[in-house]
Amino acid sequence: MAEISIAIFISLFIIGVVVFAAIRKRKNDNYDEMQELARLRGYKYGFITMAAFLGFWMMMDTVQVIDGLPFKLYNNTIIIVIFMTSIMVTIAYDVLHDAYFYVGMKPDYWKKYCLMILAVGAVNLISAILAMRNGEMVNSDGYLILGGSISNFIVAVEFLVPTTIILIKKVFIKDEEEE
Amino acid sequence: MKNLRLKAARAGMDLSQDELAKMCNVSRQTISAIEKGDYNPTINLCIAICKALGKTLDELFWEE
């Protein structure tokens, strides 16, 4: 039954992504050629990250290193963490090359974006820390559970990493402006 | 390699990078990258830039 639910969820997710991409493609050609290239490279590096982590996980599993950890891991937890890491790599690359939504294009957009994302990330991070302190990371069988604190932590990282990169880029890396 | 001819042509028309970018329907960062030599534009963008600045492809993009 759980497998059916997962299959349905994944199917709906894929359909949603395809529909979303089709709608966005029609309505939004706001990325120019350089940004499109940057985004393609971002996807490439994200894919490479995912493949590398999957290979690393398979190797770790083969030599049974994972069994030596202080907690157990469900396979879906590992897969989701790997997937989210690859997304984060893609987003980080896009942000660094001004190809992430309007962050590099509209003058003050990045401030509003950072504020919003920082708020979401901070809320999730606080929630994750509180849940960890309450001992909600591991279930009764000793497995690290994806729900609760771990998912909050993943979401917090997903939001805070792009924000941090944007802030570093804006504050420390001075773009060559007009004379 | 920096494209100083592009920068000079843009300055000659008293256009900012942002203004030229808008005329060519690209972002300011793209124009900046082209001028710095960090990005090679497609032929379509080269043509758009030439039309915006009233120059030929040779004048702006042919290697000396």
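## Exercises on chains A and B

Ile31(B) is buried, at a relative accessible area of 0% (buried is under 20%, exposed over 50%, partly exposed in between, with a 1.4 Å probe and protein chains only). This is a predicted model, where local features need pLDDT of at least 70 and side-chain atom pairs count only at pLDDT 80 or more, while totals for chains, interfaces and linings use all residues. Residues are numbered from 1 along each chain as its sequence is written, chains are lettered from A and ligands numbered from 1 in the order in which they are written, and side-chain values use heavy atoms, with hydrogens and water left out.

**Exercise 1.** Find where Ile31(B) sits and which residues it is in contact with, leaving aside neighbours within four places in sequence.

Start with the element: Ile31(B) belongs to helix 3 of chain B, residues 28-36 (helices are DSSP runs of H or I with at least four residues, strands are runs of E with at least two, and both are numbered from the N terminus). Next, look around it: Ile31(B) is in contact with Gln17(B), Leu20(B), Ala21(B), Val26(B) and Ile49(B) (contact means heavy atoms within 4.5 Å).

**Exercise 2.** Work out how helix 2 and helix 3 of chain B pack.

Take the angle and the distance: helix 2 (residues 17-24) and helix 3 of chain B pack at about 110°, axes 8 Å apart (axes are lines fitted to C-alpha atoms, for helices over the stretch in contact, and angles run from 0 to 180 degrees between N-to-C directions). So helix 2 of chain B is roughly perpendicular to helix 3 of chain B (under 35 degrees is roughly parallel, over 145 roughly antiparallel, 65 to 115 roughly perpendicular, the rest oblique). Now the residues: helix 2 of chain B brings Gln17(B), Asp18(B), Leu20(B) and Ala21(B), and helix 3 of chain B brings Arg28(B), Ile31(B), Ser32(B) and Glu35(B).

**Exercise 3.** Is Ile47(B) buried or partly exposed?

First place it: Ile47(B) lies in helix 4 of chain B, residues 43-53. With a relative accessible area of 34%, Ile47(B) is partly exposed. As for distance, Ile47(B) and Cys24(B) are 23 residues apart in sequence and 9.3 Å apart, C-alpha to C-alpha.

**Exercise 4.** Now chain A: what order do its elements run in from the N terminus?

Count them up: chain A has five helices and two strands. Their order is α-α-β-α-α-β-α. For the chain as a whole, buried residues make up 28% of the 179 residues in chain A.

**Exercise 5.** Describe how helix 2 and helix 3 of chain A pack.

Helix 2 (residues 33-62) and helix 3 (residues 75-96) of chain A meet at about 155°, with axes 8 Å apart. So helix 2 of chain A is roughly antiparallel to helix 3 of chain A. To picture the contact, pick out a few residues: Tyr43(A), Phe53(A) and Trp57(A) are among those from helix 2 of chain A, and Ile78(A), Phe83(A) and Tyr93(A) are among those from helix 3 of chain A.

**Exercise 6.** Which residues does Thr163(A) touch, not counting those up to four places away in sequence?

Begin with helix 5 of chain A (residues 146-171), the place of Thr163(A). Thr163(A) has 1% relative accessibility, so it counts as buried. Thr163(A) touches Cys114(A), Ile117(A) and Leu118(A).
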